[in-house]
Amino acid sequence: MRKRAVLITGAGGEIGHGLITRLAASTGAPPIVTIDLAPLDAPLTPYVARELTGSITDAALLERVLAEFEIDQIFHLAALLSTRAEFTPVTAHQVNVEGTLNLLEFAQREAESHGRPVVFMYPSSIAVFGLPDLETKRRAGRVTEDDWNCPTTMYGCNKLYCEHLGRYYAHHYKQLAAEAPAGRVDFRCVRFPGLISAATIPSGGTSDYAPEMIHAAAKGERYACFVRPDARIPFMAMPDGVDALLHLAAAPRERLTRTAYNLGAFNPSAEEIRAVVQDAFPGAEIDYVVDAKRQGIVDSWPADVDDRAARADWGFAPKYDFHRAFADYLIPAIRTRYRAGHETIGM
Ligand code: AKB
């Protein structure tokens, strides 16, 4: 007998930390199976029924999951982020695109084997947008999902293509086959802005200047911000990111008018972030050493996103605006984290 479970890839990453604890706390939640390249942090392991250490590019690993588990829901979080992907674009393609294709095929086979749709949750990103210059970015303002889909990064190209792959699996898979497949992938995607977590420090992203600035200040370390003071992109507090994934996963299929949804919460400039951080940690030493190339990537991302579709279709409503994110979540949680002198889990 195969056991029913939910699968999380890239489970040890930033989003995975928050998601595992939230999923495990929800009543009636199925057991959690995880895949990550590295072993999970010890505090997460009690929440997980089966932890698999390996790559999503390893077909044999996915075969093992298929043989043992009936998966109804997948949170496919594994990815190489935008800065890292620029240094190893072929590896990024292998992980971000080929890995996602493997997972979609896995989801299709799961659906065919148990006869129920498999909800496939995919975090995409504001990196799918590519604005050609600052004047266009200023004029564009809040971009809708279908505007400026011309990314300049490998990561953005990977994410945009995988949004389309997901749409293909959900709506057009094997459209010329004589008989319709027995099951289907219910692909649902959010485009995250820069996520800021109190529990983990990101690595490999280009929006990382915001969380890095906060964590450095809390640790009493000097921070050189790699973007200009006026750099502006959307951000979101991690609990709202996790909430969004869970809400969209639970939304009635018939309410969804799109496969990919913009999400926004607040969109401060780097200088506005520096000012709040400095307020909270008065001794913080934060200056600017602009990296023109990483700045170029941030300049190609929108200053804000239009997320009306997510709000209307499945009730997306972030709890944390800029002020609340810092006052009620980041500053208290980060203070506790570093005061305690050890890693805490949660969001
Ligand atoms: C990155 O900077 O690559 C990510 C993202 C915005 O998707 N945080």
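User: What makes helix 8 largely enclosed by the rest of the structure?

Analyst: This is a predicted model. In it, eleven of the 13 residues of helix 8 are buried, so the helix is largely enclosed by the rest of the structure. Buried means under 20% relative accessible area.

User: How do you know that the reach of helix 8 is close to the expected value?

Analyst: Helix 8 covers residues 238-250 and has 13 residues. At 1.5 Å a residue, 18 Å is expected. From first C-alpha to last, helix 8 reaches 19 Å.

User: Why is helix 1 called largely enclosed?

Analyst: Helix 1 spans residues 14-25, and nine of its twelve residues are buried, so the rest of the structure largely encloses it. The buried residues include Glu14, His17, Leu19, Ile20 and Leu23.

User: How many aromatic pairs are there?

Analyst: The count is twelve.

User: Why is the pair of tyrosine 209 and phenylalanine 235 called edge-to-face?

Analyst: Ring centres must lie within 6.5 Å to pair, and planes over 60 degrees apart count as edge-to-face. Here the centres are 5.8 Å apart and the planes stand at 90°, so the pair is edge-to-face.

User: Which parts does this pair tie together?

Analyst: Tyrosine 209 lies in helix 7 and phenylalanine 235 in strand 10, so the pair ties together parts 26 residues apart in sequence. Both tyrosine 209 and phenylalanine 235 are buried.

User: Why is the pair of tryptophan 314 and phenylalanine 316 called tilted?

Analyst: Stacked needs planes under 30 degrees apart and edge-to-face over 60. The planes of tryptophan 314 and phenylalanine 316 are at 50°, with centres 5.8 Å apart, so the pair is tilted. Tryptophan 314 and phenylalanine 316 are buried.

User: Which residues touch the most other members of the largest nonpolar core?

Analyst: They are Phe75, Tyr209 and Trp314, in a core of 112 residues. Helix 4 (residues 89-114) gives the most to this core, with eight residues. Tyrosine 209 touches, among others, Tyr223, Phe226, Ile233, Phe235 and Val298, leaving aside residues up to four places away in sequence.

User: How do you know that the charged end of arginine 294 sits over the ring of phenylalanine 226?

Analyst: CZ of Arg must be within 6 Å of the ring centre and within 35 degrees of the ring normal. The charged end of arginine 294 is 3.7 Å from the centre, and it is assigned as sitting over the ring of phenylalanine 226. Lysine 3 likewise has its charged end over the ring of phenylalanine 69, 5.5 Å from its centre.

Definitions and conventions: Residues are numbered from 1 along each chain as its sequence is written. This is a predicted model: local features need pLDDT of at least 70, side-chain atom pairs count only at pLDDT 80 or more; totals for chains, interfaces and linings use all residues. Side-chain values use heavy atoms; hydrogens and water are left out. Rings of Phe, Tyr and Trp (its six-membered ring) pair if their centres lie within 6.5 Å; planes under 30 degrees apart count as stacked, over 60 as edge-to-face and the rest as tilted. Helices (H or I, at least four residues) and strands (E, at least two) are DSSP runs, numbered from the N terminus. Buried means under 20% relative accessible area, exposed over 50%, partly exposed in between (1.4 Å probe, protein chains only). A nonpolar core is a set of buried Ala, Val, Leu, Ile, Met, Phe, Trp, Tyr and Cys residues joined through side-chain atoms within 4.5 Å. Contact means heavy atoms within 4.5 Å. The expected span of a helix is 1.5 Å times one less than its number of residues.
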